[in-house]
Amino acid sequence: MDANKDTLGVLSIARLPKKDRQNRLVQFLQENPFATDEDLAELFQVSIQTIRLDRLELGIPELRERIKSVAEKNLDPVKSLGIDEVIGDVVDLQLDVQAISVLEIKEEHVFARTQIARGHYIFAQANSLAVAVIDADVALTATARIRFVRPVRLGEKLVAKAVVRNRDGDECKVRVETKVQGELVFTATFRVVGMSNVSTRNI
């Protein structure tokens, strides 16, 4: 059998004919628009240059443009903070429902000796997304329960998804899960309170 399950959860077949590879490439990117050229090269067992040539022939834009395209279709206006204050690229935002952001780990995010991401960047992505998803003019994090599942390394791409679990007046519980290529690396549950309540109650 020449097929095996890879880390991205799809069938990877070595040395597919070009036409078959390109068909699978289109299908995969429809379901996983945030995959990098490096991810695709590993998945299809070809060089990064081959993937880039495939994308050019198929008219598929690079990752940054795909992220922008997804975001333009799925964003409600952020109310609780500026969009540039959210850590990572917001690609989906439905106020009081859910939000998704993408953050690629670069040199400035890691410890120089280990090339492992500093935890406060992972937390900041999740925390800012939890605040951004709230339908309020201003929102503050009251409490956070977090868990780092595994280290994140240079070059990995964090996809964080925030889901509003419940709302009680100005107070919301928001669950965030952060994954790398579908693998869970961080979780958090935030209690977020609207600014109108902050001055009148002990959070």
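## Strands E3 and E4

Let's start with a pair of strands: E3 and E4 run antiparallel and are joined by five bridges. This is a predicted model, by the way. In this pair, Val-90 stands opposite Ser-101 of E4. Three residues sit between the two strands of the hairpin, and Asp-96 in this hairpin takes a positive phi near 65 degrees.

How much of E4 is covered? Mostly covered is the answer, with six of its seven residues buried. On to the next pairing: E4 is joined to E6 by seven bridges, again with the strands running antiparallel. Here Ser-101 turns up again, standing opposite Ala-160 in E6. So that residue has a place in both pairings, facing Val-90 and Ala-160.

## The whole sheet

Now zoom out a bit. E3, E4 and E6 belong to an open sheet of six strands, with the order E3-E4-E6-E7-E8-E5 and antiparallel pairing. Which strands stand at the edges? They are E3 (89-94) and E5 (139-148); each has a single partner strand, so one side of each is left without a neighbour in the sheet. On average, neighbouring strands here are turned by 20 degrees against each other, if you ignore direction.

At the E5 end, the partner is strand E8 (residues 183-194): nine bridges join the two, and they run antiparallel. One of the residues to look for is Ala-139, whose bridge partner in E8 is Gly-194.

Helix H5 (residues 119-132) lies across E3, E4 (98-104), E5, E6 (157-168), E7 (171-180) and E8. Relative to E8, H5 runs at about 45 degrees.

## A closer look at Val-185

Strand E8 is also where you'll find Val-185. Is Val-185 buried or exposed? Its relative accessibility is 1%, and the cut-off for buried is under 20%, so Val-185 counts as buried.

What is Val-185 in contact with, apart from its neighbours within four places in sequence? The list is Arg-147, Phe-148, Val-149, Arg-150, Val-152, Leu-158, Thr-178, Lys-179 and Val-180. Take Arg-147 from that list: Arg-147 and Val-185 are 38 residues apart in sequence, while their C-alpha atoms are 8.6 Å apart in space.

## Helix H1

Helix H1 covers residues 18-31, which makes 14 residues.

Which residues of H1 are buried? They are Arg-21, Gln-22, Leu-25, Phe-28 and Leu-29. Looking down the axis of H1, you see these buried residues fall within an arc of 125 degrees, so they line one face of the helix. The general rule behind this kind of pattern is that an α-helix has 3.6 residues a turn, so residues three or four places apart point the same way. Over on the other side of H1, Lys-19, Gln-30 and Glu-31 are exposed.

## The protein overall

Stepping back, the protein has six helices and eight strands. Reading from the N terminus, the elements go β-β-α-α-α-α-β-β-α-β-β-β-β-α.

Of the 203 residues in the protein, 41% are buried. If you take the contacts with a separation of 6 or more, 58% of them are between residues 24 or more positions apart. As for the surface, the protein exposes about 11,200 Å², and carbon and sulfur atoms supply 49% of that area.

Methods:
Residues are numbered from 1 along each chain as its sequence is written. This is a predicted model: local features need pLDDT of at least 70, side-chain atom pairs count only at pLDDT 80 or more; totals for chains, interfaces and linings use all residues. Side-chain values use heavy atoms; hydrogens and water are left out. Helices (H or I, at least four residues) and strands (E, at least two) are DSSP runs, numbered from the N terminus. The expected span of a helix is 1.5 Å times one less than its number of residues. Buried means under 20% relative accessible area, exposed over 50%, partly exposed in between (1.4 Å probe, protein chains only). The arc is that of the directions from the helix axis to the C-beta atoms. Contact means heavy atoms within 4.5 Å. Accessible areas come from the Shrake-Rupley method with a 1.4 Å probe; for residues, only the protein chains shown count as cover. Two strands pair if DSSP finds at least two bridges between them. Axes are lines fitted to C-alpha atoms, for helices over the stretch in contact, and angles run from 0 to 180 degrees between N-to-C directions.
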